[in-house]
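Hi,

Here is the structure I promised to pass on to you. Have a look at it first, and then read on for what turned up.

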Amino acid sequence: MKHDFLWDKAKKTLKETEPSHAYSTWFEPIGSIGLSGDTLILEVPNQFFFEWIQSHHKETIEKGVFKANGGEINIKYTVSPDGEGEEPTNQTKTNWQTKPQTQRQKNKNINDKYTFASFIQGGHNQFAKAAALNVSETPGQQSFNPLVIYGGVGMGKTHLLHAIGNKITEESPEKKVVCASSEKFTLDFISSIQKNRTVEFSKSYRIADVLLIDDIQFFQGKEQTQEQFFHTFNELFQSGKQIVMTADRYPGEMIGLQDRLLSRFKSGLSVDIQPPDFETRVAIVMEKAEVNGLKLPYDIIELIGTHIKKNVRDLESTIIRLLAHSSLSNREIDYGLAKKVIKERIGSSAISDLSIEDIVRRVSETTHIKEKEIVGASRKMEIAEARQISIYLCREILGTPLVSIGMHFGGRDHSTVLHACRVVENKTKKDQRISALVGELKNELSFALN
Ligand code: ADP
Ligand code: MG
């Protein structure tokens, strides 16, 4: 029997026996890529998926395949070479393993998932990405050396650093890329002292054509290590080798680092990464959902993007939690589940059960203007005013994204929504009647939140 035929047959059985959301989340995305002797090789979208089905659906899959095959058969899994737009090579297809994380590792200190292709660009990281790309195309160029990428936790600094490493390794395999966190550098140094191998230690870093050091803030207060790093830095720098570092803040603001080290760090280019803006967060959620084999409706994507604001790592883990919740509770990922997961992450006060409809209803009761008119197109003054107040309250109380508000109010675009919010804001400052009305509604509705 051909492998794809066998797997299709097994999937049909699973589709009949498993709940439909479980089927579409965990079985549908699995593909078959070959039959090797008495082993069927299945391909899953990512490592998380692999671990999840190993612990939750292993036997179900085995039973399904057993039934389709009409007898014993082994199953092995491989993780799909990730969605970086390249076709899976023959090598990755045949080099399957049960523990696939060791696939295609060229440099064990560089994570091959962190590439430029999988890095989503937005206003907050545009400059950092451009600088990183530039450095990987022309490493060692004076004005970008050293390059320091700095910013808060989970902003993508490590991702960019490794992307540089991956690109250079791929395009110039002859170049030696050395990549380490500053902690690893420190540990390597300490253990070299213990073992009397400091010469080897120095050498292992000084042979680099490109030196990538993550999180240099951990050098703070470690005088001896800083001394070592200073020498490594100078030697590489003087021979025109590229150095890239990441840090949690602008190098000039770091305490506990020697001045001479800081002035070296500042002599090149320092670029920061800011927290992602709303549009970028939505783009990231879409991408991460897709990578995790998860189809999310747009309103859920926006809900996540609206409420999980701080960093990209949180966005990613929210999606993973959603997957886990859906599977544990045997429930489709719907708006309610998404809300629940978000509440767990950010605390229930930050996200409400109140809906846009509730707000419109309340405004309608107070102003005696019909709900239909409030969300409609009329430009009559009192109707437009009730509409603007409703829009303002949705934004203020629910924190609903402008786009979603616009959709609820007759498909208005986000600039109209923004305009309405500004109008009301101004009026509350000047017009007592409006200010009292808005204040009252706001109190009442906010009270309904708790
Ligand atoms: P940092 O080093 O700044 O703390 P990381 O580079 O470890 O942050 O990023 C945290 C997670 O978020 C990683 O899984 C990374 O792939 C992902 N990530 C961060 N920024 C982006 C981005 N712009 N596009 C795609 N993924 C991102
Ligand atoms: Mg990092």
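Let's begin with a term: a polar contact is a pair of N or O atoms within 3.5 Å. Please keep in mind that this is a predicted model.

With that cut-off in hand, look at Lys157: an N or O atom in its side chain is 2.8 Å from an oxygen atom of ligand 1. Thr158 has a polar side-chain atom 2.7 Å from an oxygen atom of the ligand. Gly156 uses its backbone instead, with an N or O atom 3.0 Å from an oxygen atom of ligand 1. On its own, ligand 1 has 560 Å² of accessible area, and the protein covers 94% of that.

Which residues come nearest to ligand 1? Of the 17 around it, they are Ile120, Gly154, Thr158, His159 and Glu316. By type, the shell holds six nonpolar, seven polar and four charged residues. Two helices, H7 (157-171) and H14 (312-328), each supply at least two residues of this shell.

Now turn to helix H20, residues 414-430. At 1.5 Å a residue, its 17 residues should span 24 Å, and the end C-alpha atoms are 25 Å apart, so the two values agree. Val417, Ala420, Cys421, Val423 and Val424 are buried in H20. These residues cover an arc of only 160° around the axis, which means that they sit on the same side of H20. And what does the face turned away from the buried side carry? There you will find the exposed residues Arg422, Lys429 and Lys430.

Enjoy exploring!

Best wishes

Key: Residues numbered from 1 in each chain as written. Chains lettered and ligands numbered in written order. Predicted model: local features only at pLDDT ≥ 70, side-chain atom pairs only at ≥ 80, totals over all residues. Heavy atoms only, no water. Helix = DSSP H or I, 4+ residues; strand = E, 2+ residues; numbered from the N terminus. Expected span 1.5 Å × (residues − 1). Buried < 20%, exposed > 50% of the residue type's maximum accessible area, 1.4 Å probe, protein only. Arc of directions from axis to C-beta. Near = heavy atom within 4 Å. Polar contact = N/O pair within 3.5 Å; in protein donor to acceptor, adjacent residues only side chain to side chain. Areas by Shrake-Rupley, 256 points an atom, 1.4 Å probe, with all protein chains shown as cover. Nonpolar A, V, L, I, M, F, W, Y, C, P; charged D, E, K, R; others polar.
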